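Please read them with the model open beside you.

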Amino acid sequence: MAAATGVALTLAPISFTRARADAAVTGAGTTGDGQETRVVTGRLETGAADFVYIPVRVPAGVQRIAVEYSYDRPAVPAGTPGNSCDVGIFDERGIELDGKGFRGWSGGFRTSFEISNGEATPGYLPGPIKPGTWHVVLGPYQVAPQGMNYTVQITLTYGPSGPAFTPDHPPKRAKGRGRAWYRGDGHLHTVHSDGRRTPAEVAAGARAAGLDFMVSTDHNTSSSHGVWGQYAGEDLLIITGEEITTRNGHWLALGLPAGEWIDWRYRSRDDVFGRFARKVRGAGGLVVPAHPYCPYVACQWKFGYDDADLVEVWNGPWTYDDESAVDTWDAMLGEAVRKGRRWIPAMGNSDAHSEPQVIGLPHNVVYADDLTTEAVMGGLRAGRSWIAESRTVQLAFTAGGDGRRADIGGTLTAPADAPIDVRLDVQGVPGGTVRFVTDEGQMHQESLPASGSGSVVWRTTTSLAAYVRAEVRHPMADGSPGKGNTMGPNLMWGPMAALTNPIFLRRSGS
């Protein structure tokens, strides 16, 4: 099969007849147990389509569909990506963007999958195997200079469909403490995409991390939504979501209705991201660009932030790409103030996939009216949150003056010359460094004692600062606190321990 370029390529259809073995058809066969198999081979060159669809004409009476695939991995020159190819499937309802036909995706994590009425491989949706044209989809997101040779084997098993799968969706409410601060990790993976933890293990990890809520965000599939109910409880709110992995960046859809799926088959130049962002918001969810400076292929964010509700500025253990994300986010805060536009809050998540990645490193501490999906989404959307590396880190961040007070995500309005005291109370960061950052940059730095507990107060006015946010950093590797107003070849800071959303300061009458 010839190579092609463009967004998608659809190959010639593969037919199944439920006939006896036909030796004249290459790759066709039946077995005595009511199975029939077809094998498709092909080749793709560098510059191949983003998605290659293999139409499969499925006859009536099919109980199970099974797919195996493989591709070659020739050695490539240093610095050149090797072959990598994802796989998934759409049913007889079609392959249209945002259509009804999605039945599963496992990316490059699995080499085979099965679907029947009552069960399916994680990443895939159980349900009836109805007659019509299904499509196995390949996603060759890296093709070596030598090209990619692939093989796809499709096996149909005939017989009664059997009992249907009954989804067990998680409840939208946990016990909670009323209006309070709640801790939660909003970016977690399981075996339903490319994680190695089961849902049971992820839920146990969230509880061990002292979290009140977690969000399930497997890549490009909603298959895990139907199993989370048994792992939720009064002590843990489990929220359904998805990580949408496009060719121009990844984004989180948080708070999706259970079973809702968001399509990922587009690039930034297709100008459809806004359509899917509106779909998520219309369902009560949040749109969050994830790890926007991640250096991996297809991870860096290229869609802009006009349609974002939050931005993930801290992903897993602190690294240089998180520094870049915070810098970009801080610049967006200044632009929002200057233009009088809405501001985009920050969040941080572990993106944990498997051991030794730590669930809850980092996580969000959200002020919500109750421990419900709606209330948690509302707190995040409003920026009433801060980010902690673990539950051992505690803080309170406020601004007060002229008889008024504001907390994280709030606004304090006062006369231009009225003194405003910004206060941060911290626990759990021994020898840490506190930074207060405004639209002018870092305006105050102070070290915490060896105990890790302390209070830092800094005075400003609404004429000098349009917003103020706080960072708490660990000491540098040499034990020094770091310096925020110097330049040189060395890193300025140690790893982040906590990061707040801003408090805005507004002059009276402005």
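Does D402 count as buried, partly exposed or exposed? With a relative accessibility of 41%, D402 counts as partly exposed, where buried means under 20% relative accessible area, exposed means over 50%, and partly exposed lies in between, for a 1.4 Å probe and protein chains only.

1. On the basis of these notes. The model is predicted, and for that reason local features need a pLDDT of at least 70 and side-chain atom pairs count only at pLDDT 80 or more, while totals for chains, interfaces and linings use all residues. Residues are numbered from 1 along each chain as its sequence is written, and side-chain values use heavy atoms, with hydrogens and water left out.

2. On the overall build. The protein chain has four helices and 30 strands, these being DSSP runs numbered from the N terminus (H or I over at least four residues for helices, E over at least two for strands). Its radius of gyration is 26 Å, close to the 24 Å that the globule rule gives for 510 residues, so the protein chain is as compact as a globular protein of that length; the radius is taken over C-alpha atoms, and the rule is 2.2 Å times the number of residues to the power 0.38. Along its principal axes, the C-alpha trace spans about 90 × 50 × 45 Å.

3. Of the 510 residues of the protein chain, 54% count as buried. Among contacts (heavy atoms within 4.5 Å) with a separation of 6 or more, 72% are between residues 24 or more positions apart. The accessible surface comes to about 21,000 Å², and 50% of it belongs to carbon and sulfur atoms, as computed by the Shrake-Rupley method with a 1.4 Å probe.

4. On the two aspartates with positive phi. D402 lies in the loop between strand 21 (394-401) and strand 22 (404-407), and its phi is near 55 degrees, a positive value in a residue other than glycine. D271, whose phi is likewise positive and near 60 degrees, is placed in the loop between strand 15 (249-254) and helix 2. D271 is exposed, with a relative accessible area of 70%.

5. On the cis peptide bonds. The bond from E355 to P356 is cis, with omega near 5 degrees, and P356 is found in the loop between strand 18 (346-349) and strand 19 (363-368). The bond from L361 to P362 is also cis, with omega near -5 degrees, and P362 has its place in the loop between strand 18 and strand 19.

6. On aromatic pairs. A pair of aromatic rings is described by the distance of the centres and the angle of the planes. Rings of Phe, Tyr and Trp (its six-membered ring) pair if their centres lie within 6.5 Å, and planes under 30 degrees apart count as stacked, over 60 as edge-to-face and the rest as tilted. By this rule the count comes to 21 aromatic pairs. The rings of W314 and W318 have centres 5.4 Å apart and planes at 90 degrees, so this pair is edge-to-face; W314 is buried at a relative accessible area of 1%, and W318 is buried at 15%. F436 and W458 form a tilted pair, 6.2 Å centre to centre with 40 degrees between the planes, and this pair links distant parts of the chain, since F436 is in strand 25 (residues 433-438) and W458, 22 residues apart from it, is in strand 27 (residues 454-460). One aromatic cluster is formed by W251, Y266, F273, F276, W301 and F303.

7. On two residues and their surroundings. T157 lies in strand 11 (residues 148-158) and is buried, with a relative accessible area of 12%. Leaving aside neighbours within four places in sequence, T157 is in contact with G34, Q35, G61, V62, Q63 and R64. R275 and D98 are 177 residues apart in sequence, and their C-alpha atoms are 10.0 Å apart in space.

8. On helix 4. The buried residues of helix 4 (residues 373-381) are T373, A375, V376, M377, G379 and L380. This helix is followed by G383, whose phi is positive, near 75 degrees.
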